[in-house]
Amino acid sequence: MPFIPHTEEETREMLDAIGADSIDELFDEIPHNLRCGDLATLGPGLWEQEISQLMQEKARSDGQPLCFIGAGAYDHHVPAAVWQLATRGEFYTAYTPYQAEASQGTLQLLYEYQSMMTELMAMEVSNASLYDGASALAEAVLMAVRAHRKSKSRRILLPRSLHPHYRATVHTLVKNQGIELVELAYDGSTGQIDQNDLEKYRNEDFAALVIPQPNFFGVLEDTDWLTGWSHDNGMLAIGVVNPLLMSILAPPGTWAETGVDIACGDGQPLGAPLSSGGPYFGFMCCTQKLVRQMPGRIIGRTVDLDGKQGFALTLQAREQHIRRSKATSNICTNQGLMVTAATIHMSLMGADGLARVARKCHRNLNLLKEKLTALGEIEPLFSGPAFHETVLRLPLEAKRVLRTLAAHNVLGGYDLSRHYPELGDNALLVCATENRSAQDMDKYRLKMEQVLASRRQGACATMAKFD
Amino acid sequence: MSNIPENLKYTKSHEWVKDEGDGTVSIGISDHAQELLGDLVFVELPEAGASLSAGSECAVVESVKAASDVYSPVDGDVVEVNEELADTPENINQAPYDAWIFKVKLSDPSQLDGLLDAQAYQTIAEDD
């Protein structure tokens, strides 16, 4: 049964009232070549038992490989209590509730989330979350352009060392708004933003500089210098960070003397499982000065008529239902359920727990790096300080190595050749979270050793399984 | 009935204009406008030095229930903005004709003659 409450007669009546022949006619302005058609490739419906069998079969065919891929989403341990609590009926909604009188629990949770994020980022304000890290950055870019009132510049400096999906998303969301994204090169030897390339834009009119930490290559940027540089040149500074790592790295609110103006990123490392790419959530923090330019919902703590503490949506005059076309917040829906999980996750881990996880990840990365470079033919590609993940140069195509490793149930990393062809075919981005044991890393090393050995022996590309 | 001083000029969009006699004017929002908006919580000021044309949006007044644009009644450059309002927007509720928002150096002083007088504005406010 379709979940459409109208009968055919009612639909007909409504169409007659507005003078339309059919529902399809209402979509006339969408050109035919852009429509998806009648979904002819979709099979007939399945009943519950069939679908659960199908899904189990699919899950089995995926296996349970050892994951050494990071590249923006990370395989962290999530305590069982997190999702046990997050999926309780009281919390189980994707929406930020409007009705304060009926939603105190959820509103308080979001308020706590905001408090935790401001602490983690050392920023003054946090919103109640956005869709994901990439769209949060796109919103940060729009926000910077709005806030940069002095020059009204619509140009943004976007480093090539930023996550390629983030760059693509920002491009999609802002290119039709007359905003120009200028790509900043990275230094081929350190992997950091190329300061010489940046200096070309000194004294030029830009709204903001985007600063990733760590960048997509796992290289730490000189965030103090970059933040100072952007402010010296009249630009806002936007930090894009992995929130988990801010528990031990300097958070964006402390970069240079001033801190950044806007900090954003993806909240996935804070309690969201990988789940084939989502749902995750985006976070955004900013300075008090910019709060009215911030998108998204903000929950405030207040008192009611009797002086009792309560929580409510605040600063709603930024939002579209009040400001209409002048709204600074057109994204009000967020990933409320993921944020619920993240808040519970953070409160279970505590600042100390998050820091311990981040340290363990970094130690694991160093261990993995040692094990792999000890094979003699693998070396770090960049000389810049690596944190949490890193780029290795292999003696043969990363794609080939990954294919063989995958046959042995090891997801060996992320092949950079597609998004960074200038690095050649042999560059591999690897990560080893706290979920990877020393044995896991030994298995990876062993399989890698076999791949390299088989190449030396001139064996055929599809090697036999050794175990 | 709201207060509409005789010595000021007005616009249909509820700004008041005070001729400072030195080629500049002070601009704020009328008592009627602040009554409609309710308790103000924020004023977004124009940039000092900005050059405005009559009818252009140049500031925002935000109350607990609405946010409204303020339009420049005249052509000219912003010579001063009332920074005090950033911390005390309620001044506009308490004394709308003392709480000027910005001052403009007139490009064309004769534009003042084209603005509404108190009586004409009263008619508009009553129709609102």
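In chain A, what share of the contacts between residues at least 6 apart in sequence join residues at least 24 apart? The share is 74%.

Figure 1. The structure shown is a predicted model, with an ipTM of 0.72 and a pTM of 0.86. Chain A contains 12 helices and 15 strands. Its C-alpha trace spans about 75 × 60 × 50 Å along the principal axes. A compact globule of 467 residues would have a radius of gyration near 23 Å, and the 25 Å of chain A agrees with that. Of these 467 residues, 44% count as buried.

**Figure 2. The two domains of chain A.** Domain 1 is made of two stretches of chain A, residues 66–74 and 350–456. Domain 2 covers residues 80–344. Between the centres of domain 1 of chain A and domain 2 of chain A, taken over C-alpha atoms, there are 29 Å. Where the two domains of chain A touch, domain 1 gives 21 residues to the contact and domain 2 gives 21 residues.

**Figure 3. The side of domain 1 of chain A that touches domain 2 of chain A.** Which elements give two or more residues to this side? They are α10 (336–373) and β12 (389–393) of chain A. The largest share comes from α10(A), with six residues. Sorted by class, this side of domain 1 of chain A has 13 nonpolar residues, six polar residues and two charged residues.

**Figure 4. Helix α1 of chain A and the residue after it.** Is this helix largely in the open or largely buried? Helix α1 of chain A runs over residues 8–18 and has 11 residues. A residue counts as buried if 20 or more other C-beta atoms lie within 10 Å of its own. The number of buried residues in helix α1 of chain A is zero, so this helix lies largely in the open. Gly19(A) follows α1(A) and has a positive phi, near 75°.

**Figure 5. The contact between chain A and chain B.** Six residues of chain A and five residues of chain B take part in this contact. The average pLDDT of chain B is 93, and 99% of the residues in chain B score at least 70.

Definitions and conventions. Residues are numbered from 1 along each chain as its sequence is written. Chains are lettered from A and ligands numbered from 1 in the order in which they are written. This is a predicted model: local features need pLDDT of at least 70, side-chain atom pairs count only at pLDDT 80 or more; totals for chains, interfaces and linings use all residues. Domain bounds come from an automatic or database domain assignment. Two residues are in contact if their C-beta atoms, placed from the backbone, lie within 7 Å. Helices (H or I, at least four residues) and strands (E, at least two) are DSSP runs, numbered from the N terminus. Ala, Val, Leu, Ile, Met, Phe, Trp, Tyr, Cys and Pro count as nonpolar, Asp, Glu, Lys and Arg as charged, and the others, Gly among them, as polar. A residue is buried if 20 or more other C-beta atoms lie within 10 Å of its own, exposed if 12 or fewer, and partly exposed in between; C-beta atoms are placed from the backbone. The radius of gyration is taken over C-alpha atoms; the globule rule is 2.2 Å times the number of residues to the power 0.38. pLDDT is the predictor's confidence in each residue, from 0 to 100.
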